[in-house]
Amino acid sequence: MITRTRLAAGACALLAALAAGMAFPAGASAGEPTGEDAPKVDLVLDVSGSMRTRDIDGGTRMAAAKQAFNEVLDATPEEVQLGIRTLGADYPGDDRKTGCKDTAQLYPVGPLDRTEAKTAVATLAPTGWTPIGPALLKAADDLDGGDGSKRIVLISDGEDTCAPLDPCEVAREIAAKGIGLTIDTLGLVPNTKMRQQLSCIAEATGGTYTSVEHTDELTDKVNQLVDRAADPVVTPVATEGADACAKAPTLKSGLYTDREEFGQQRWYRVDVEPGQELRASVSVGADRAVNPSYGVLLRAVTVHGREIVRGEAAGNGRTDVLSTGLRYPKQESDEEDAPAEAVCLQVTNSFSVASGVKTTPGLPLELTVDVVDGPGDSDDVAAFGLGRGWWLLGLLVLVGFVAGLLWGWLSRWRFAIWRTN
């Protein structure tokens, strides 16, 4: 009985130590947040004629948007540069060509003058068309320049009325530029078609879609998105993989973004010094309708084509992003000036689409590369995923051992008292 009690106490202590070690991993050097430039947000508001509809808390959709904007402007963090763009605010006529150009910057992206911005919002009145695609293109230009986070928040009560310029395709083109711009969409009292379109726009850039039916919901969500822009972010570096290892660009530790055609191979090179470990992961997003049953393969090979290690993942249509990764520790060399090894990373996908679905631009690809000092001896606890938590493991094991001894002594003492009485 005493032995079982001690073992149980020791096991609990060991489990706690393992959990603590995994909860406090060693910090990685790849993908450090930049945060050097001020974050930028462009609020894009639909001011088309349908915004006159009175179905949000007893008032018009336009009134709800104005109230939400005023509260958001009051709560915008000082470090955020904010702008406001409208679509459908100026042209009330029936000429489609003119109506589909109706987008204007109501307040320029920059340091926020709350009074001036509120005055500009107060002048808005529901007017014309819904040129979402053209507005997104202009909003991307509004946010051009700088390395800080960039976010478009689109608020609309209807689908785009300016086809064939598909706003979903526009969002994909923006994402393909690799400028790290995210588009979040909010649908006021949405229908099925509008929900699909706004969801597609958000997914193409890694943003979010939210349906809104009350003023306070709109205010809260826009506030969350503006606050999120102020958080430190990792800005991916746009790169372009090659079709062969010999032509591949050489990457250092960091986060990279690229586009990969359906069934295409993309190659990248990483230099790994003796005693270092290469850690790489890749995510490929299905930003359009794809056929079920697909996969992503990440291989590390030598420049001569010999496979070193691979990571692979398969999907069945239930997720929009598929990810996999690999690790390759390079053994230390006895030579003082041993050269670095060029390791080629190959990314392959097996996505496919039905007829009629556009295949260009390619699928968004995000590649993380991290070259760190490899684990030392085989008994290095970092090899077990504990990182720098080894000292905590030792302390908790010692505490568990002492606790087991004390518990066993108390149990034995209580048993002796019971026998005596």
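Guide: pLDDT is the predictor's confidence in each residue, on a scale from 0 to 100. This is a predicted model, where local features need pLDDT of at least 70, side-chain atom pairs count only at pLDDT 80 or more, and totals for chains, interfaces and linings use all residues. Residues are numbered from 1 along each chain as its sequence is written, and side-chain values use heavy atoms, without hydrogens and water.

Visitor: Over which residues does pLDDT stay under 50?

Guide: Residues 1–35 are one such stretch, with 40 contacts beyond four places in sequence. Contact means heavy atoms within 4.5 Å. Residues 377–387 also stay under 50, with 13 such contacts. The chain's mean pLDDT is 83, and 86% of its residues reach 70 or more.

Visitor: What makes up the contact of H2 with H4?

Guide: Phe69 and Leu73 are among the H2 residues, and Val121 is among those of H4. By class, the contact has six nonpolar, one polar and four charged residues. Ala, Val, Leu, Ile, Met, Phe, Trp, Tyr, Cys and Pro count as nonpolar, Asp, Glu, Lys and Arg as charged, and the others as polar.

Visitor: How much of the chain counts as buried?

Guide: Buried means under 20% relative accessible area, with a 1.4 Å probe and protein chains only. Of the 421 residues, 45% count as buried.

Notes
Helix = DSSP H or I, 4+ residues; strand = E, 2+ residues; numbered from the N terminus. Buried < 20%, exposed > 50% of the residue type's maximum accessible area, 1.4 Å probe, protein only.
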